[in-house]
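Thank you all for making time this morning.

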Amino acid sequence: MTKYFGALTLVLMLGIVLTRVFLLRQQGIQAMKFGDIDKTDFFIPPFALFYFYVVLAAAFNWPTVNKQEFFHSEMISWTGVLFCFAGLLLLLWSVVSFRQSFRVGIDADHPDRLITDGVFAFSRNPIYVAFAIILIGEFFILPNWITLIYIAAATWLFHRQVLREEDCLRRHYGHAYVDYCNRVRRYL
């Protein structure tokens, strides 16, 4: 049962992001800027699709690369569901707090205003925190070497992207962004 919640989490996560991109597009805002700065970012989607397949395969008994789990505990699996739910709530709060400034990727050409309220008053990068919480939850639900490797790889990729975004934000907003960095932590 928990594996179904893991699969549903990924669908809802993707749905939240794509719905926001679609709604902004309706307002004439191009929110999908993924890969505009660094073309190597296009290597990420195939790995993300593989991860989605691994989770969906576990839930629906499709052919998969690995069925061996490190441990099996219903309590830990349900804790994973709670992590996934918490991550989805944080993601939703983040997307709503972002308002018109939401982008997937870095928009150096049309940056919107600096968002420092809502969830951004507590974390400068709550969307990445939400994704990390979801990945940890997915690992608790499906504790195998693939989900563990994805936590490590995603953490590195998230941090890499955060550093890129911070550089861009520092150049664009100057002292206002530096002051914000001094008040609010990067992650938690």
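This is a predicted model: local features need pLDDT of at least 70, side-chain atom pairs count only at pLDDT 80 or more; totals for chains, interfaces and linings use all residues.

Read along the sequence, the chain runs α-β-α-α-β-α-α-α, where helices are DSSP runs of H or I with at least four residues and strands are DSSP runs of E with at least two, both numbered from the N terminus. In total that gives six helices and two strands. The radius of gyration is 17 Å, close to the 16 Å that the globule rule gives for 188 residues, so the chain is as compact as a globular protein of that length; the radius is taken over C-alpha atoms, and the rule is 2.2 Å times the number of residues to the power 0.38.

Residues are numbered from 1 along each chain as its sequence is written, and side-chain values use heavy atoms, with hydrogens and water left out.

Along the principal axes, the C-alpha atoms fill a box of roughly 50 × 30 × 30 Å. Of the 188 residues, 43% count as buried, and here buried means under 20% relative accessible area, exposed means over 50%, and partly exposed is what lies in between, with a 1.4 Å probe and protein chains only. The chain exposes about 10,700 Å², of which carbon and sulfur atoms supply 69%; this area comes from the Shrake-Rupley method with a 1.4 Å probe. If we take contacts between residues at least 6 apart in sequence, 80% of them join residues at least 24 apart, a contact being heavy atoms within 4.5 Å.

Let me turn to the aromatic residues. How many aromatic pairs does the count come to? The count comes to 16, where rings of Phe, Tyr and Trp (its six-membered ring) pair if their centres lie within 6.5 Å, and planes under 30 degrees apart count as stacked, over 60 as edge-to-face and the rest as tilted. One of these pairs is formed by tyrosine 4 and phenylalanine 60, which are tilted, at 5.5 Å centre to centre and with 55° between the planes. That pair links distant parts of the chain, since tyrosine 4 belongs to helix 1 (residues 2-26) and phenylalanine 60 to helix 2 (residues 44-60), 56 residues apart. Tyrosine 4 is partly exposed, at 44% relative accessible area, and phenylalanine 60 is partly exposed as well, at 42%.

A further pair joins phenylalanine 83 and phenylalanine 140 edge-to-face, at 5.3 Å centre to centre and with 80° between the planes. Phenylalanine 83 lies in helix 3 (residues 74-98) and phenylalanine 140 in helix 4 (residues 126-141), so this pair ties together parts that are 57 residues apart in sequence. Phenylalanine 83 is partly exposed at 29%, and phenylalanine 140 is partly exposed at 23%. Both rings belong to one aromatic cluster, formed by Phe70, Phe71, Phe83, Phe139 and Phe140.

Finally, the loops. Asparagine 61, in the loop between helix 2 and helix 3, has a phi near 55°, a positive value in a residue other than glycine, and counts as exposed at 63%. Arginine 99, in the loop between helix 3 and strand 2 (104-105), likewise has a positive phi, of about 50°, although it is not a glycine, and arginine 99 is partly exposed at 30%. Aspartate 117 lies in the loop between strand 2 and helix 4 and, apart from neighbours within four places in sequence, is in contact with Ser97 and Arg99.
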